[in-house]
Amino acid sequence: MSALLEVRDLSIAIAGAARPLVDHVSFDVAAGETLCIVGESGCGKSLTALALMGLLSNPPLRRTGGTARFRDRDLFELPPRELRDLRGGEMAMIFQEPMTSLNPALTVGDQIVEAVRTHRACSAAEARDRALEMLRRVRIPAPEKRLGEHPHALSGGMRQRAMIAMALANDPALLIADEPTTALDVTVQAQVLDLMVTLQRESGAGMMLITHDLGVVAGLADRVAVMYAGRIVETGPVAAIFDDPQHPYTLGLIRSIPALSGERRRLATVPGTVPTAAAMPPGCRFAPRCPFAGPDCRAAPPLAEITPGHRVACHRAPIEEKAA
Amino acid sequence: MTAVDPVALEPGLDAPDLPPRRSRAWAKLRRNPAAIAGGGIVLFFAVVALLAPVLPVPGPAEADWSAVRAAPSLAHPFGTDDLGRDVLARMVWGAQASLLAGVVSVAIALALGVPLGMLAGYRRGWTDAVISRFTEALLAAPFLILAIAFAAFLGPSLTNAMIAIGLSAMPLFVRLARGQTMAVMTEDYVESARAIGVGHLATVGRYVLPNIVPPLLVQATLTIATAIIAEASLSFLGLGQQPPAPSWGSMLNVAKNYLEVAPWMALWPGIAIFLVVLGFNLLGDGLRDALDPRDL
């Protein structure tokens, strides 16, 4: 089965900067599959998503290379008109901040209707029915009432549900969610994630979920891509990533998850900070923080396959874990 | 079919039912005594101007040759002017010219300035550069001088004075609309509108415009006050309302010749201009406080 979305060697840079912020990133998303992109703030996760949606704010940010095939069309070669038709139609995005991502001047219903009517030739009444149906699907209580309310009357969780309703209003084949739960309370986070999984199963859409929450990854992902400083350092099925992490950075991330059970111990951290774009080391970008780094790390390691589907960009992989 | 829906929203997690932003701003405005006073003054003059045809006053051009420059009396409560016309009647009819000039010229300034400013703020780049340089060129000349120049160029009449004032006030709105558009364009909801494929026109009309209305409304109210002074100034110079039709500015123009013998001729139009301008300024300040996004 061919992938729904194939990203190859995507690079993004700020105009005039020597080093790209996103550097030769490649990944696939298949229909019905959830790919989680994990990494710390500033590693290029969100930029990748925005680039795919054609929402990079130019001129400062620019795609400097790479392709993205979505249903056999190159997203970066599409004329603006066609790209706009794709956005919110076959491809939809959910943003991080539900509190500010809804237009305060329009009612929730109007905004969902806007999403529907932008992509379908239908009457105002049909669009409104669709909006109501979507609010029901995202389990907003009293949907008829909410339809006529302005966003400020809704809680954060409800707003994010409304955003999801908007994104899914046209049955997208690909859903890009950029930290959809980061701004929500923990209890609401779980509800919204459950909702997204349920709706994705119902629709069979592919999902690209950007997060820095490994708990979310473990619960939702089929496959995972770990990004560090603009590059994918490890990618593979979720089980492989959690059970047999091969990149020292992935290892560090997983060891830094607090456990609720078992012996209390000091939480492991990854020492140091991400180097700034100007101070980025040649070769492996994680080397300055890596406990296993050696002279050979001055050369960039290729993203090599170590077991089927599991790729790692590290000269030390596979790590001999049993020896430890 | 009463199985518990695992992804349903938990009851009780609803947001409190806050009143909409608009009604909160209205409540704040009503608690502001200065704004209410300003609104009252504006309303008073608006009612007077509207009711001019039915108020029990003589016609504005009706001359009583037996009472030329007569001091205020029961027959002529505000006195009469140099042609024996009732000053109260001319004040009432003059209110029409003043308020109309204020409102129409600001409407012209809004109609031209806001689209240009939004275009500049939305498109940026060379579009913005062209519009901004043009605006700055207009702003380089003082407001009233510019209005006088336009009015003199267009020819003396109340209509032309309103066009002249509107053109002179336009750059203010271009700048304001441009800046506010740029600010709104960075909001998440504009990005999310783009992410659902909303086109340029709909983005501007439904996502940008409604969110830049409050500052424009405040600026418009304050500019009406300025425009009323400008109309009075143009009429004073003979570039606005033409005789015998009354306008507060032209009344002052005539009255300046008789300040020592008939001071009431200047007193009333002066007070009226002062009050209307004060009213619009108080109302504008009140609106600015009420619509302040920082505490909405």
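User: Start with S3(A) and S8(A): how many bridges join them, and do they run parallel or antiparallel?

Analyst: Strand S3 (residues 34-38) and strand S8 (residues 206-211) of chain A run parallel and are joined by 5 bridges. Strands pair if DSSP finds at least two bridges between them. This is a predicted model, in which local features need pLDDT of at least 70 and side-chain atom pairs count only at pLDDT 80 or more, while totals for chains, interfaces and linings use all residues. Residues are numbered from 1 along each chain as its sequence is written, and chains are lettered from A and ligands numbered from 1 in the order in which they are written.

User: And what are the S and H labels?

Analyst: They are DSSP runs numbered from the N terminus: helices are H or I with at least four residues, strands are E with at least two.

User: Which residue of S8(A) does Cys36(A) stand opposite?

Analyst: Leu209(A).

User: What happens at the S11(A) end?

Analyst: S11(A) pairs with S12(A) (residues 310-312) in the antiparallel sense over 3 bridges. Thr307(A) has His310(A) as its bridge partner. The hairpin has 2 residues between the strands, and Gly309(A) takes a positive phi near 85° there.

User: Now the 4-stranded sheet. What is its order?

Analyst: S2-S1-S4-S5 of chain A, an open sheet with antiparallel pairing. S2(A) (22-29) and S5(A) (73-74) are at the edges with a single partner strand each, so one side of each has no neighbour in the sheet. S4(A) (residues 61-70) and S5(A) are joined by 2 bridges, and Phe70(A) has Arg73(A) as its bridge partner. H1(A) packs on this sheet too, touching S1 (5-14), S2 and S4 of chain A at about 110° to the direction of S1(A).

User: Switching to helix pairs. At what angle do H3(A) and H6(A) cross?

Analyst: Roughly 20°, with their axes coming within 8 Å. They are therefore roughly parallel; that label is for angles under 35 degrees, with over 145 roughly antiparallel, 65 to 115 roughly perpendicular and the rest oblique.

User: Which residues meet?

Analyst: Val108(A), Gln111(A), Ile112(A) and Ala115(A) of H3(A) meet Ala162(A), Ala165(A) and Met166(A) of H6(A). That contact has 6 nonpolar, 1 polar and no charged residues. Nonpolar covers Ala, Val, Leu, Ile, Met, Phe, Trp, Tyr, Cys and Pro; charged covers Asp, Glu, Lys and Arg; the others, Gly among them, are polar.

User: And H2(B) with H10(B), what is the angle there?

Analyst: H2(B) (residues 33-51) and H10(B) (residues 264-290) cross at roughly 135°, their axes coming within 7 Å. They are therefore oblique to each other, in a left-handed crossing. Among the residues in this contact are Gly38(B) and Gly39(B) of H2(B) and Gly279(B) and Gly286(B) of H10(B). By class the contact has 12 nonpolar, 5 polar and 1 charged.

User: How many residues does each chain put into the A–B contact?

Analyst: Chain A gives 38 and chain B gives 28. On the chain A side, H2 (80-86), S6 (91-94), H3 (108-119), H6 (156-168) and H7 (186-203) each supply at least two residues. H7(A) gives the most, with 5 residues. That side divides into 18 nonpolar, 13 polar and 7 charged.

User: Last one: how many residues of H7(B) are buried?

Analyst: 7 of the 8 residues in H7(B) (residues 188-195), where buried means 20 or more other C-beta atoms within 10 Å of a residue's own, exposed 12 or fewer, and partly exposed in between, with C-beta atoms placed from the backbone. What covers them includes H1 and S6 of chain A, and H6 (158-185) and H8 (200-236) of chain B. Gly197(B), with a positive phi near 85°, follows H7(B).

Conventions. Two residues are in contact if their C-beta atoms, placed from the backbone, lie within 7 Å. Axes are lines fitted to C-alpha atoms, for helices over the stretch in contact, and angles run from 0 to 180 degrees between N-to-C directions. A crossing is left-handed if the near helix is turned anticlockwise from the far one by less than a right angle, and right-handed if clockwise.
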